[in-house]
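Subject: Structure handover

Hi,

Here is the structure I promised to pass on. Have a look at it first, and my notes follow below.

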Amino acid sequence: MKLHFQSIGQGEPLVILHGLFGSADNWRSIAKALSSQRQVISVDLRNHGRSFHHQQQTFDLMAEDLLNLQDDLGLPVIDLLGHSLGGKTAMQFAQSFADRLRRLIVVDIAPRQYVDEHSIIFKALLALDLSKYSSRTQVSEALADTLPDPLVRQFLLLNLQNNDQGFNWRINLQALFCNYPGLLQSVEPDDLVEKPTLFISGEKSNYITDNDWQHIKTFYPNAEHVVIENAGHWVHADQPDIFVEQVNRFLADD
């Protein structure tokens, strides 16, 4: 069981991990912008994108998936960037396999436990009978009452694929929903994570609060925090140029 990935550029490797319901495809423009100075490897986490489906999904398992990919690619050490669910996975990797990591970037997520904000999405997607629809527009309209934000629906429908049998979900919705409570859990480390770390958050997001940052500093003594103005949880999509600038600055600081 191997993770699907996309690679662009040459040089020191930077691995990117997407968030819940996302995929490596969502990071193509950012990966391209970052690839002028390094190799950028964008990964599909298990049960996402084109990676394998599995009934189990924990942060420990996802960190091991990444380690296996790193070994397969022959990369002794990597820089690692993770957003949201990918950020928690990256923090778990930093704890479990510190010797394989050089620097860590965590985007708009803290190591704490979070409240359930996605079950409504899971239930809405799982309730759809996709055989009834012949276009993405129809599927989007069917979701509109439960999920009124058109940008959220547009993002989710990136996971919809069409083949000879009609529409189906590329992500493993059922497994993700079953494992979702565990994905809300804390990934606070038992020991200090002393790798150079950058936490990036969006000014309009509440995923990393001031209290979170004070707590984070006790676990990540070599961390810095950058808040990007006019950006929400999808910081890299809201302010891509500033996001790339901050990532390049941090990775260039030896």
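Let's start with helix H5 (residues 136-143), where Val139, Ser140 and Leu143 are buried. Buried here means under 20% relative accessible area, exposed means over 50%, and partly exposed is in between (1.4 Å probe, protein chains only). Looking down the axis of H5, the buried residues fall within an arc of 100°, so they line one face of the helix; the arc is taken from the directions that run from the helix axis to the C-beta atoms. Thr137 and Glu141 are exposed and sit on the face of H5 turned away from its buried side. Helix H4 (119-127), H6 and strand S6 (160-163) are among what covers the buried residues of H5, with contact meaning heavy atoms within 4.5 Å. Helices (H or I, at least four residues) and strands (E, at least two) are DSSP runs, numbered from the N terminus.

Before you go further, some housekeeping. This is a predicted model, so local features need pLDDT of at least 70 and side-chain atom pairs count only at pLDDT 80 or more, while totals for chains, interfaces and linings use all residues. Residues are numbered from 1 along each chain as its sequence is written, and side-chain values use heavy atoms, with hydrogens and water left out.

Now the overall picture. The chain has 10 helices and nine strands. Its radius of gyration is 18 Å, close to the 18 Å that the globule rule gives for 254 residues, so the chain is as compact as a globular protein of that length. That radius is taken over C-alpha atoms, and the rule is 2.2 Å times the number of residues to the power 0.38. The C-alpha trace spans about 55 × 40 × 35 Å along its principal axes. Of the 254 residues, 53% are buried. Among contacts with a separation of 6 or more, 74% are between residues 24 or more positions apart.

The largest pocket has a volume of about 770 Å³. It is lined by 29 residues, and Leu151, Val152, Phe155, His233 and Trp234 are the closest to its centre. Helix H1 (28-34), helix H6 (150-156) and helix H9 (235-238) each supply at least two lining residues, and H6 gives the most, with five. By class, the pocket lining has 14 nonpolar, 12 polar and three charged residues. For the classes, Ala, Val, Leu, Ile, Met, Phe, Trp, Tyr, Cys and Pro are nonpolar, Asp, Glu, Lys and Arg are charged, and the others, Gly among them, are polar.

On the grid details: with a 1 Å grid over the protein atoms alone, a cavity is a set of points where a 1.4 Å probe fits but cannot get out, a pocket is an open set with protein on both sides within 12 Å along at least five of seven lines, and lining residues have an atom within 4 Å of a point. Points are joined across faces, edges and corners, and a volume is the space filled by probe spheres set on them.

There are three cavities of 30 Å³ or more. The largest cavity has a volume of about 190 Å³, and Ser84, Ile109, His118, Leu183 and Leu184 lie nearest its centre out of 14 lining residues. Its lining has 10 nonpolar, two polar and two charged residues.

Cheers
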